[in-house]
Amino acid sequence: MRDTTERRSPSMVLCLVRHGETLWNRERRYQGQVDVPLSEVGRRQAHAVARRLAAERWDRVYSSDLVRARETAEIIARHCGIPLLTDPRLRERAYGGLEGLTRQEIEVLTGGKGRREQDLEPYGVERWEDLADRSQAVVDEWVSAHPGERLIAVSHGGWIRALLGRLFPDWDPDMPLANTGVTLLHREQGRWRRILVSDTAHLQV
């Protein structure tokens, strides 16, 4: 008998949106799970991406509970007329004692070793694999809970990169993701496809 498990796997459209800009983004500081609010530029970006998304049908928006993501998601939810649900599993990677520092400050603090996983652990930085695990776990949950739906997820650069790395073996984890960049994924027959990655056409008008 032919195996029909993959054929019957639920389909989904998932739109990943990085939160709008914060002042710490502009200063290139590691925010991690510090609750940094959107800047005025970030709020304008959020309204721009919300207008873009409102041109299509969406069923619901999920968001990290950190204020910069939640405020972005609230603006999107209002424009699109859809419910908003927050989930702490969408939070950014925790950077422990390195939160609030710039890359240069981290290099000085760690003696130039701030790019290796094993050198970050003493500072309480969340392991990259643990971040990828929690990002994939929540998306797998959505696939089962919302078959056939079109979802928006507002999260953070590290969270989105970790998820993409888990879903796509060819993904470059160092690829930058713009504030309010739109990454569009389609899931069909048990496989994910990338349609857009960090697209910011809404910021060019």
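**Close-up views of the sheet and its surroundings**

**View 1. His-186 stands opposite Arg-193 in S6.** This is a predicted model, in which local features need pLDDT of at least 70, side-chain atom pairs count only at pLDDT 80 or more, and totals for chains, interfaces and linings use all residues. Residues are numbered from 1 along each chain as its sequence is written, and side-chain values use heavy atoms, leaving out hydrogens and water. Strands (E, at least two residues) and helices (H or I, at least four) are DSSP runs numbered from the N terminus.

**View 2. Strand S5 (residues 182–188) is largely enclosed by the rest of the structure, because five of its seven residues are buried (under 20% relative accessible area, 1.4 Å probe, protein chains only).** S5 pairs (at least two DSSP bridges) in the antiparallel sense with strand S1 (residues 12–18) over six bridges. Leu-16 has Thr-183 of S5 as its bridge partner. With strand S6 (residues 191–199), S5 also forms six antiparallel bridges, and Val-182 is partnered by Asp-199. Two residues separate the strands of the S5–S6 hairpin, where Gln-189 has a positive phi near 50 degrees.

**View 3. The open sheet has six strands in the order S3-S2-S4-S1-S5-S6, with mixed pairing.** Strand S3 (84–86) and S6 are the edge strands, each pairing on one side only.

**View 4. Thr-110 sits in the loop between helix H4 (103–109) and helix H5 (117–120).** Thr-110 is buried, with a relative accessible area of 10%. Its side chain reaches the backbone oxygen of Ile-106 at 2.8 Å.

Key: Buried < 20%, exposed > 50% of the residue type's maximum accessible area, 1.4 Å probe, protein only. Polar contact = N/O pair within 3.5 Å; in protein donor to acceptor, adjacent residues only side chain to side chain.
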